[in-house]
Amino acid sequence: IPPGQPVHMLNLLRYRAYARYEDGFDAAPCSGREAFHDRYRPAFRRLAAGKPLVRMFSGPVLASLVGPQGERWDEAALNEYGDFATFRSIVDTETYRREAAPHRHAALEDFRLFALVKAM
């Protein structure tokens with residue numbers, strides 16, 4: 001991934017019906033969608049605060065126009081970072097692993113994550 005240029009991270013998300021936390025993690029029962037939106041996202045936003053060009057957009061996937069038959073995604077999210085190092089500075093921390101990642105893992109049945117840079 002080229003350094004020093006904006007990078008967009010495309011997330012394809014499929015939620016669990018009910019969030020599934022690791023044994024010993026103290027969290028009230030909720031849906032996967034709630035765990036992602038009400039727990040993971042706020043924790044992630046706190047960690048991303050003040051980082052260059054962190055913007056987030058997400059919305060429901062309305063239809064799959066091209067792709068394997070039966071493949072289903074509940075939501076797609078596109079996050080912009082000042083560069084890949086900014087993304088890494090958020091997710092490669094003990095704070096992320098402790099405060100955000102457990103909610104993401106509990107929330108998602110399946111996901112894909114792609115890094116994109118603007119074509120020259």
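Which element is H103 found in? H103 sits in helix 4.

## Model and conventions

This is a predicted model: local features need pLDDT of at least 70, side-chain atom pairs count only at pLDDT 80 or more, and totals for chains, interfaces and linings use all residues. Residues are numbered from 1 along each chain as its sequence is written, and side-chain values use heavy atoms, with hydrogens and water left out.

## Overall fold

The protein has 4 helices and 4 strands. Helices (H or I, at least four residues) and strands (E, at least two) are DSSP runs, numbered from the N terminus. Along the sequence the pattern reads β-α-β-β-α-α-α-β.

The C-alpha trace spans about 45 × 40 × 20 Å along its principal axes.

## Surface and contacts

Of the 120 residues, 38% are buried. Buried means under 20% relative accessible area, exposed over 50%, and partly exposed in between (1.4 Å probe, protein chains only). The protein exposes about 7,600 Å², and carbon and sulfur atoms supply 55% of it. Accessible areas come from the Shrake-Rupley method with a 1.4 Å probe; for residues, only the protein chains shown count as cover.

Contact means heavy atoms within 4.5 Å. Among contacts with a separation of 6 or more, 72% join residues 24 or more positions apart.

## The largest pocket

The largest pocket holds about 230 Å³ of space. Its lining has 18 residues, and the closest to the pocket centre are N11, Y40, Y96, R104 and L113. A pocket is an open set of points on a 1 Å grid over the protein atoms alone, where a 1.4 Å probe fits, with protein on both sides within 12 Å along at least five of seven lines; lining residues have an atom within 4 Å of a point. Grid points are joined across faces, edges and corners, and a volume is the space filled by probe spheres set on the points.

Helix 1 gives the largest share of the lining, 4 residues.

## Two residues

H103 is buried, with a relative accessible area of 11%. Beyond four places in sequence, H103 touches Y21, F25, A35, R39 and Y40.

K51 lies in the loop between helix 1 and strand 2 (55-60). K51 is partly exposed, at 30% relative accessible area. Leaving aside neighbours within four places in sequence, K51 contacts T86, S89 and I90.
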